[in-house]
Amino acid sequence: HLSIRRQRQMCIRDRKVDNQEVFKKCYDFLGKKGVVVIFPEGVSIKARRLQPIKTGAARIALGAEAAHNFNLGLKIVVVGLNYSRHDSFRSDVFVNIGETITVKDFAHKYAKNSDHAIHELTNLIKQRIENEVIITTSEEQDILAKQIEMVYKPQLFADIPAENVRNQEGFLISKAIVDAIQYFETHDQMRVQTFQPQIDNYLRNLKRLNLNDEVFSKSKRKNHLLGESLFTALYFLIGFPFFVYGLLNNYIPYIIPSQIAARIVRWTDTDEYTAPVMMTSGVLTFSFFYSLQVWLFYVWTQNIWLTLAYLATLPITGFF
């Protein structure tokens, strides 16, 4: 079963593409002041590690300029996408836009040696991307960084002035955590080797006891514990009917995309596309079931205003 999946993936990767035809269309499009979006890694993975940057972006940019005698004024804009949870619906994404690269600056080098110019531009793109995304060098480092973020990021956030942009500060904190791990792995490996099992053990115990790290956060004052407990209990009692209503009206259109995504993950042996598959199929299932539910409700009540009110409650209680 696994070998069949591997063969399918290899077939997808090994499909022949007429690069010259694609490049020519890009040259023509860019010559008309068009914009081309390229994902230069050529693959999507869930780990925060930069994959080898392919030369296609540099080849297209330099080829387009060369086809127009380097008079296009073409620029490359490097964009970094940083997801808080790549597989979670409605999670945060922080978009960094880097400094533009003027392709004409490589005209002289391209005229002397086109291959060298292409590789130099590709390396520059890689450097600019590295400035705009959080990058770990191994799976172990990625796991440790996420663990540290889980435990310490809320405390670090508490020290940020309210006027600062929270998403930007969150990115900088995560990047600083990764930089610190890489620094200590190089200069004080014993500290990392001592710390890692401690945080592993701490998080394992939390999971075993069904507890959340926020319970032990220093920012939570003990004299607020009773008030927070009462608020939580009241919130649960008042919100429970809305939760049940939202569950009954949204469960089927929500669970179908989950099942579709799970099957695709098993078929492809990768979960990088779980979120986009769920989102795409969810657009279809929610549209269909909401339409069906609203129609049945109208047939039952024969009241357009009640039906519109019912429609408004569907997504609100669904989110709840």
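Reader: Is Tyr-27 buried or exposed?

Author: This is a predicted model, and accessibility is computed from it. Buried means under 20% relative accessible area. Tyr-27 has 19% relative accessibility, so Tyr-27 counts as buried. Phe-23, at 11%, counts as buried too.

Reader: How many aromatic pairs are there?

Author: The count is 12 aromatic pairs. One of them joins Phe-23 and Tyr-27, with ring centres 6.4 Å apart and 45° between the planes, a tilted arrangement.

Reader: Where do Phe-23 and Tyr-27 lie in helix H2?

Author: Helix H2 covers residues 19-31, and the two residues stand 4 apart within it, which means about one helical turn separates them. Elsewhere, ring pairs connect Phe-231, Tyr-235 and Phe-320 as a cluster.

Reader: How should I read a nonpolar core?

Author: The general idea is that nonpolar side chains tend to be buried together in soluble globular proteins. Here, the largest nonpolar core contains 27 residues, and Leu-62, Ile-101 and Ile-129 are among those with the most contacts inside it.

Reader: Which helix gives the most to this core?

Author: H3 does, with 6 residues. H2, H3 (56-67) and H5 (114-132) each supply at least two. Another core, of 16 residues, lies apart from it and includes Phe-94 and Phe-171.

Reader: What does Ile-129 touch?

Author: Leaving out residues up to four places away in sequence, Ile-129 touches Pro-40, Leu-50, Ile-53 and Val-78.

How values were computed
Residues numbered from 1 in each chain as written. Predicted model: local features only at pLDDT ≥ 70, side-chain atom pairs only at ≥ 80, totals over all residues. Heavy atoms only, no water. Phe/Tyr/Trp six-rings, centres within 6.5 Å; stacked < 30°, edge-to-face > 60°. Buried < 20%, exposed > 50% of the residue type's maximum accessible area, 1.4 Å probe, protein only. Core = buried A, V, L, I, M, F, W, Y, C linked by side-chain atoms within 4.5 Å. Contact = heavy atoms within 4.5 Å.
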